[in-house]
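Good morning, and thank you for coming. Please look at the sequence and the model first.

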Amino acid sequence: MDIRIVPLPAEKKKPRFTDESKLAFGRLFTDRMLLVEWKAGQGWVDARIEPYAPFVLDPACLVFHYAQEIFEGLKAYKWADGTVALFRPEMNARRFNRSADRLCMPEVPEELFLKGIEALVKLESDWIPTSPGTSLYIRPTMIAVEPVLGVKPSDHYYFFVIMSPVGAYYASGFKPVKIMVEDEYVRAVPGGTGDAKTGGNYASSLKAGLEAKKKGFDQVLWLDGVHKRYIEEVGAMNMLFAYENRVVTAPLTGSILNGVTRDSVLKLAGTLGFTVEERQIDVNELVADIRTGKVTEAFGSGTAAVITPVGHLSYKDEMYQVGDGGVGPLTQKLYDTLTGIQYGHIADTFGWMRKLV
Ligand code: COI
């Protein structure tokens, strides 16, 4: 499918950031966006890259009422030699389509997803920051725009992609965060939408997140929705725990997100001599293992969060310090290796980086 480029008038060009060290997460957006529509009976039509602008949408659109929405997150990097590269974008394309299937939305052909993002990133490549810890965050999204109040899959969708030059997701940067194991609210149940990247999962997490924040925590760590016993994910990140020579994380059984960074970290941990275990983690065993020092490190992984060390974890009002509460050697090594590949400093032996030509 051809992508039409709508001219960007000079007055629509936004001022560039001047200080990359001040970039927050997702507050500033580039000049253009990709927009493609899907209409019943026609399929995907009118792909275009146009100036970034608000949508005018009917208040009856299905997305506003029944949250028929999915999204993705991936990043573009600009290397010292000027190369622009995306990190494993085909993984996002595939997950987007798995989410689409779960939410009864049309699949976006992988080629359209990738070509659309590549064309947009190329046009906006002067928006990619280059300082360590910064990148261009890309947010593909699909929303249901049919104006009707009956509960049903829409007959009209917008697939759009917006982009934001970003710094670290957590304002503290690459520093240990404190998380609280949530034992009241749940995020997902078997058969639900836990492994789909859909806005509703995030909306329903807000209350627990806010209550945890009031108690001084950065995020909540969700337990499984049936027994409230097994570790799931953090919402913005998958969770991993290092034992002496093992990396342990929750399995992909449908209630947690199949993270691209999670997958990458597990592959990297394997090359560093760690045995990878994807298995149920009982929270009681976990806190006992933290207390006795068997768990040496804890960290989260995610596109936005990259690799985020977890220094403290609280469960039922009791606080547990992981290791010495700082950044452990494995966490540091994984962060350095992953970001080294992403920024083009370390050879990409996995073939993860998709260079734009
Ligand atoms: C990402 O890591 O890309 C996400 O979508 C998580 C979001 C909460 C920022």
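By contact I mean heavy atoms within 4.5 Å. The model is a predicted one, in which local features need pLDDT of at least 70 and side-chain atom pairs count only at pLDDT 80 or more, while totals for chains, interfaces and linings use all residues. Residues are numbered from 1 along each chain as its sequence is written, and side-chain values use heavy atoms, with hydrogens and water left out.

Let us begin with phenylalanine 159. Setting aside neighbours within four places in sequence, phenylalanine 159 is in contact with Leu34, Leu35, Val36, Trp44, Phe96, Val108, Phe113, Pro140, Thr141 and Met142.

Two further terms are needed here. Buried means under 20% relative accessible area, exposed means over 50%, and partly exposed lies in between, with a 1.4 Å probe and protein chains only. A nonpolar core is a set of buried Ala, Val, Leu, Ile, Met, Phe, Trp, Tyr and Cys residues joined through side-chain atoms within 4.5 Å.

Which residues have the most contacts inside the largest nonpolar core? They are Val121, Ile138, Met142 and Phe159, in a core of 37 residues. Among the elements that give two or more residues to this core are strand S2 (32-39), helix H2 (89-102), helix H3 (110-123) and strand S8 (156-166). Helices here are DSSP runs of H or I with at least four residues, strands are runs of E with at least two, and both are numbered from the N terminus. The largest share of the core, six residues, comes from H3. Apart from this core lies another, of 26 residues, including Val177, Leu223, Val283 and Tyr315.

I turn now to two helices. The expected span of a helix is 1.5 Å times one less than its number of residues. H2 has 14 residues and reaches 20 Å from its first C-alpha to its last, close to the 20 Å expected. Its buried residues include Pro89, Ala93, Phe96 and Ala100. Just after H2, cysteine 104 takes a positive phi of about 55°.

Helix H6 (residues 260-271) has 12 residues and should span 16 Å; its end C-alpha atoms are 17 Å apart, which agrees. Nine of the 12 residues of H6 are buried, among them Val260, Arg262, Asp263 and Leu268. Glycine 273, which follows H6, has a positive phi near 90°.

Next come the charged pairs. A salt bridge is a side-chain nitrogen of Lys or Arg within 4 Å of a carboxyl oxygen of Asp or Glu. By this rule there are 23 salt bridges. In one of them, aspartate 19 pairs with lysine 22, with the closest N and O atoms 3.1 Å apart. Aspartate 19 is partly exposed, because its relative accessibility is 31%, whereas lysine 22, at 68%, is exposed.

Glutamate 233 forms a salt bridge with arginine 187 at 3.4 Å. This pair links distant parts of the chain, 46 residues apart: glutamate 233 lies in the loop between strands S10 and S11, and arginine 187 in the loop between strand S9 and helix H4. Are these two residues buried or exposed? Both glutamate 233 and arginine 187 are buried.

Finally, the ligand. A residue is near a molecule if one of its heavy atoms lies within 4 Å of it. The residues around the ligand include Phe71, Tyr137, Arg139, Lys197, Thr303 and Ala304. An oxygen atom of the ligand is 2.5 Å from an N or O atom in the side chain of tyrosine 137, and a ligand oxygen is 2.8 Å from a polar backbone atom of alanine 304. Such polar contacts are pairs of N or O atoms within 3.5 Å; within protein, one must be able to donate a hydrogen and the other to accept it, and residues adjacent in sequence count only if both atoms are side-chain atoms.
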